[in-house]
Amino acid sequence: MNPLERHEIPGAVTALAGKGGLPAVQVDSARSTAVIYQHGAHVASWVKKDGPPVLFLSGSSDFLPDKPIRGGVPVIFPWFGAREGHPFHATARLADWDLSESLLLDGGDVRLRFLLPGDDDLRVSFVVTVGESLRMELTVINRGTADFTFENCLHTYFTVGDIHRTEVRGLQGVSYLDKLLDRVLTEEQQAIRFTAETDRIYQNTEATTEIADAALGRLIRIRKSGSLSTVVWNPWIDKARNMPDFGDEEYLGMVCVESGNVREHAITLAPGASHTLAVEIDTRELV
Ligand code: BG6
């Protein structure tokens with residue numbers, strides 16, 4: 001039996017076997033539809049009525065219990081990037097989360113709450129609200145007796161019509177670690193454009209960012225709170241070819257703008273303290 005079936009709501013939340021047979025739910029709100037996997041509490045798709053997909057999902061992604069899904073919104077916790085002897089980008093995106101609640105809200109939005117099993121000293125919840133916007137909240141409560149330090153990131157993959165005609169706005173004047181150069185620089189540009197592999201961690205910024213997509217005529221706005229890091233990533237040609245779960249040409253149709261708290265902005269929670277990282281995505285016509 002699909003463990004998500006008990007949280008079905010007729011017409012709004014439907015349990016299904018996702019790709020690879022992984023348990024998933026389709027969420028139908030009044031204004032948009034999402035597909036969310038139990039594996040990783042992974043929002044794999046979000047589509048507004050009559051619109052093209054907002055989130056990018058690779059046609060070459062694995063859908064296996066021990067592999068992350070390539071695309072959508074991988075939940076990165078409790079560390080970001082490499083940690084010796086452990087999986088890159090940590091374990092939350094590989095875990096089977098428990099769906100604990102589904103709600104149909106006034107106005108037709110739908111809210112789901114997932115809990116990360118495993119550690120009695122922590123309560124980690126991921127609440128997704130599907131509606132006119134896509135709102136995601138990752139909350140960590142330290143129930144233990146010692147400080148707990150972690151990194152987190154909602155590693156969101158966005159669909160764009162053509163990366164060559166895409167700009168990311170909102171980060172001018174912000175310092176960033178260029179991971180490819182291993183140098184800290186300051187963003188000079190009002191709009192970031194893409195002409196090569198790009199892998200940057202913008203730090204100490206709570207700014208709203210926008211993806212201006214000239215090919216699709218769409219502006220995607222990413223508002224966040226509880227986040228001081230914004231990661232901008234596109235693998236470009238060579239890295240795309242070297243990623244087995246990503247199509248060689250797919251770099252043309254995606255960009256990651258990720259919201260979280262990484263490296264020097266890792267979070268330390270005292271016993272009893274909590275932290276919420278919230279990201280809200282909406283779209284409008286590009287004018
Ligand atoms: C980004 C990192 O967040 O994730 C990149 O900055 C990394 O360095 C990318 O390549 C994808 O990581 P993964 O583990 O999903 O292939």
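Q: Where is Pro78 found?
A: Pro78 sits in the loop between strand E5 (75-76) and strand E6 (98-104). Strands are DSSP runs of at least two residues, numbered from the N terminus. This is a predicted model, in which local features need pLDDT of at least 70, side-chain atom pairs need pLDDT 80 or more, and totals for chains, interfaces and linings use all residues. Residues are numbered from 1 along each chain as its sequence is written, and side-chain values use heavy atoms, without hydrogens or water.

Q: What kind of peptide bond joins Phe77 and Pro78?
A: Most peptide bonds are trans. The bond that joins Phe77 and Pro78 is cis, with omega about 0°.

Q: What is the phi of Ala41?
A: Most residues other than glycine have a negative phi. Ala41 has a positive phi of about 45°, although it is not a glycine. Look for Ala41 in the loop between strand E3 (32-37) and strand E4 (42-48).

Q: What volume does the largest pocket have?
A: Rolling a probe the size of a water molecule over the atoms shows where empty space is left. A pocket is an open set of points on a 1 Å grid over the protein atoms alone, where a 1.4 Å probe fits, with protein on both sides within 12 Å along at least five of seven lines. The largest pocket has a volume of about 410 Å³. It has 23 lining residues (an atom within 4 Å of a point). Closest to its centre are Arg70, Phe88, His89, Arg93 and Trp233. The lining divides into 12 nonpolar, two polar and nine charged residues. Here Asp, Glu, Lys and Arg count as charged, Ala, Val, Leu, Ile, Met, Phe, Trp, Tyr, Cys and Pro as nonpolar, and the others as polar.

Q: Which pocket does the ligand take?
A: The ligand takes the space of the largest pocket. More than half of its atoms lie within 2 Å of the grid points.

Q: Which polar side-chain atom lies 3.0 Å from an oxygen atom of the ligand?
A: A polar contact pairs N or O atoms within 3.5 Å. Arg70 places a polar side-chain atom 3.0 Å from a ligand oxygen. For Lys179, a side-chain N or O atom is 3.1 Å from an oxygen atom of the ligand.

Q: What lines the second largest pocket?
A: Its lining includes Phe77, Pro78, Thr91 and Phe148. About 200 Å³ of space lies in this pocket.

Key:
Polar contact = N/O pair within 3.5 Å; in protein donor to acceptor, adjacent residues only side chain to side chain. Points joined across faces, edges and corners; volume = space filled by probe spheres on them. Helix = DSSP H or I, 4+ residues; strand = E, 2+ residues; numbered from the N terminus.
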